[in-house]
Structures are given as structure tokens and as C-alpha cells.
Amino acid sequence: MTSQISHWIDGRLTPGTSGRTSPVYNPATGVQTGEVHLANAADLAKAVASAKAAAAEWRRASLSKRTAVLFKFRELLHARTPELAAIITAEHGKVLSDAAGEIARGLENAEFACGVPHLLKGGFSEQAATGVDVYSIRQPLGVVAGITPFNFPAMVPLWMCANAIACGNAFILKPSEKDPSASLFLAQLWKDAGLPDGVFTVLQGDKEAVDGLLTHPDIAAVSFVGSTPIARYIYETGTANGKRVQALGGAKNHMVVLPDADIDMAADAAVSAAYGAAGERCMAISVAVAVGDAGDKLVEAIAARLPKLRIGDGSDPDSEMGPLITREHRDKVADYIRQGAEAGAAVVVDGRDNDLPTDGFFLGVTLLDHVTPDMSVYTDEIFGPVLCVVRAETYAEAVELVNKHEYGNGVAIYTRDGGAAREFQFEVEAGMVGVNVPIPVPVAYYAFGGWKASLFGDTHMYGPDGIHFYTRGKVVTSRWPDPATSTIDLGFPQTR
Ligand code: NAD
């Protein structure tokens, strides 16, 4: 039995009209569990029309009404985390505790958005000129869209929708077609929290839906998270169509381990950050740069930890790592291991040698040593449970490696030397830096975003940047003079 996964338009489940669908699998069993409807132009038009009408009303809702909905949504999301986590695990494959973790990090964004009355406060200058006051306000954009990746089917939509809705916009979510059900659960929670119909919409689909959103005249802004080639396309197409766009792309996050680091702590962190969620995290550590004599010790310590990892169905509480998202992706990752070995990397642990269930999309964990910058396993984002170790003679060589890489999402340094860590955070070219923290995802009151090919646009996601992205500024200059003093003056207005 496969379930039908439809759109959510105007506050209710709405079947698509295209007749096109895409299969949804349980990656742990390899069994198809659903088919998601893929939107056509008619579905898109219906969704945007509903959102447009809702946006016009919602921007008039008082800040206290909006925050009441946000508080309720936060409470519901918190209370129903186990149900949502099970939905995520069933379609994504990540283990239940990890799914609950992504919900918790998404929830932070709802909590941040509860403070929107404070966040939207403008400035006021009394008597900017004689009898003249000037003040600034920020107003919603209207209908905004979010296009999200498979790897965080709850957290990434929450990065976007909580702030967009709090600011008074209507939000259309186009989730990944690989794990689309979490989006419908979120839609129901918004409705249960009292959000008016049409303010939160889910439009399921693929490229056709995305292209429709990017060119629709009633969409004011697009937030995107996904791979770099698509992020670049979204940014170029969206901005060419006059939209505000923030597009977050892929990553190759390095962890620099200095010789003075506590090797056991660094190895624990590398294993957790490289293989958690089977490496399908944009902040996963995929390269460890071992400096000087840290190299042999680090590789040995990581390798010793790997046989103990419990890989299995994410719904089994004993599993620490689940399968990959699809069979094709699993095979692509396995092929990268082949390429690395052929190019001369030392395969210390080979994830292809495993006795994992073959029906599911499982791959064991891989550790590659003596990786060099010319190898595809180093240049490309693999997005799987593969950790590359690159050896560097010096700290300077390690930083140069990081800074030369195409991507600049997250980076980490492991050291006991505060001076070295400070120099590192000063000169490293990445948007998010961890000092003895392997996955430095900023808390919701900062902002998330990489540098270089990891982000297109100038605004990072969520936090104050999110409030800025989902609003536009207006400055009001006002005076209430005695009409009797009125004169004609063709000179350019000056402050007096
Ligand atoms: P993806 O780029 O394949 O898909 C992302 C979204 O774009 C999906 O909704 C998909 O339907 C849509 N899409 C795919 N191909 C398209 C096309 N040709 N035209 C228009 N739309 C298209 O990414 P994914 O595989 O779902 O997610 C993994 C990627 O996301 C990785 O590269 C990962 O690093 C990245 N990611 C980045 C961040 C970040 O914050 N920088 C966070 C999470 C994931």
C-alpha cells in the first residue's frame, strides 16, 4: 500500500491535477511507501492565489495575534515531536534521536520568531528638523517561497517559515520530493495553532514547480537550501525575475586538528560529525586536516572507533546511523570510494565491505587517509559516510587548504592553543567556525550561512538576517505644521 502525498492549499490537503508523481521510499527497507504529487502550472496558480489573498489579510493581523499563533505552534511542535520524528525517519532514514534533534533545532526558530514584536521595532527620531519627525518601519513582502532539501525535512522549512510568517508574509513551501510528508505535518500544526488558511501552503513538486515559483510575478522572495549547482540556478533565475533570493548551497567542511589537540576528543568529534546522519548533513565534517604529528595518532584513533558504530534501521533505538536517502545516492557514494582508492588514497576502513541489509540503502562508514587536493573525494561534496584525512605539515598549510576550497560553509579547529584558535577564526574563509565544536550550526538568534560557493545572495538564513530578508524598510518623514505658515519653496528640502 502506497500513500498519496498531496499539496496543502488553502488550509487543507489538496490532490494535484498533473497526474505526475514521484515515488517515496523507506530507505531502511527499500520499499516504496508513497507517491508524491508533482505540481503543474494549475496547482501552482491555485497555491499562489490562495497565498496572495491570505497575505493581504495576515499582514493586518496585530503583532500580538501573530505571536499568539507562534507560541501555540511552538507548543504543538514540542508536544508532537515524537510523531514528526517518526515521519522523518520513515522517509529520510536518519535515526529517531537525530530526527528529534533536527526538530529541536527547528523549534528554536519558532521560539525566536515569538519575539517578532521586538524584532520589528523601528527607529524614531524626534525633531530631525524643526517640527519634523522621522521614523522607520519594516513591512512584509507578501508571498514568499521556500525550496528545501531532503536532508532536513523539518528543520530547514522551520528556518524559513517561522520568521516569514511572523513578519506578516504568506509562505509557500516546496519541500524535497524525496521526503515530503513532514511538510504536511507542519501544515496541520500551523492550522491547529490558529494560523489562517493560505498563510502556510505546501506545493509538492520538482523542477516544474520550482521554475513556476521562480518566475511567478506574485512571489516576492525565494529562500533556497540545497546543492550548489541548483542554488546558483535558483539565485540567477530568481533575481533575473526581480525576486529577492537567498540560496544556500553545498559544503565540504574541514576540521583542522593541530598537534596539541586532545586526540581522543578530536577523534570522537570527527566520528560524530562525519558519520552522523550517514554524512548527509550540510555541516558534516568530510575532511579532517591533520597537522604535523597529529596525523597517525588521529587516523588510528578514528579507525579504532568505527567498528563499534551501530548501523541499522533508524526506527530501531539501538541504531546510531541509518541508510542513505536513495539507492542511486548510495551507489554514487560507493563509487566515490572507488575513485579515491584508484587515485591513491589509503582506504583505512571501507564502507563497501559490510553485512548490512541489501534491500535498504545502507552503506558502511569509510575512512580514507593520505587524500590529496586533486582527488575527487576531496574536491566534491560526497554527502555520505566518508571521511577524508589530508595531512598538512604546518598550521599555515592547513588554513591555505581550507581557504582554497570551492566551498566555505562550516569549518572547525581542534586545539588547546587559544592564540592559534583566535588566529584561525580571524583568517579562515568560511561562514561558520567551530572552536573545538565540530558542527557549529549557529543558534537561532544568530544566522546560518556559508561563504563562497556555499551561499548565493548576501543574507544568511534565520535570526536577524531572516527578519531582514522577509521584510522591506520604509522611512516616514512627518510634520504637523500650522497651515497658516505654509509657503511655496522650490529649493531642495534641507533639514533646518
Ligand atoms: P538538491 O539541490 O538536489 O534539491 C534541493 C531542492 O531543489 C529540492 O526541493 C529539489 O526538488 C529542488 N531541485 C532539485 N533539482 C532541481 C532543478 N534541476 N531545478 C529546480 N529545482 C530543483 O539538494 P538535496 O539533494 O535535496 O539536498 C542535499 C544538498 O543540500 C547538499 O548539497 C547539501 O550540502 C545541501 N544543503 C545545504 C545546506 C546549507 O545550509 N548550506 C543545508 C542542507 C543541505
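## Packing of α3 against α4

In this predicted model, helix α3, spanning residues 81–92, packs with helix α4, spanning residues 96–113, at an angle of about 120°, and their axes lie 8 Å apart. Because angles over 145 degrees would count as roughly antiparallel and those from 65 to 115 as roughly perpendicular, α3 is classed as oblique to α4. The crossing of the two helices, α3 and α4, is right-handed.

On the α3 side, the contact is made by T81, L84, A85, A86, I88 and T89, while α4 contributes L96, A99, A100 and I103. Sorted by class, the residues in this contact of α3 with α4 comprise eight nonpolar and two polar ones, with no charged residue.

## The seven-stranded sheet

An open sheet of mixed pairing is formed by seven strands, which follow the order β15-β16-β17-β14-β13-β19-β20. From one strand to the next, the twist averages 20°.

Strands of a sheet pair through backbone hydrogen bonds, and they may do so in either a parallel or an antiparallel sense. Here, strand β13 (residues 253–257) pairs with strand β14 (residues 285–291) in the parallel sense, over five bridges, and M255 stands opposite A288 in β14.

## A helix across the sheet

Helix α12, covering residues 327–343, lies across β15, β16 (366–369) and β17 (386–392), and α12 runs at about 30° to β17.

Key
Residues are numbered from 1 along each chain as its sequence is written. This is a predicted model: local features need pLDDT of at least 70, side-chain atom pairs count only at pLDDT 80 or more; totals for chains, interfaces and linings use all residues. Axes are lines fitted to C-alpha atoms, for helices over the stretch in contact, and angles run from 0 to 180 degrees between N-to-C directions. Helices (H or I, at least four residues) and strands (E, at least two) are DSSP runs, numbered from the N terminus. Angles under 35 degrees count as roughly parallel, over 145 as roughly antiparallel, 65 to 115 as roughly perpendicular and the rest as oblique. A crossing is left-handed if the near helix is turned anticlockwise from the far one by less than a right angle, and right-handed if clockwise. Two residues are in contact if their C-beta atoms, placed from the backbone, lie within 7 Å. Ala, Val, Leu, Ile, Met, Phe, Trp, Tyr, Cys and Pro count as nonpolar, Asp, Glu, Lys and Arg as charged, and the others, Gly among them, as polar. Two strands pair if DSSP finds at least two bridges between them.
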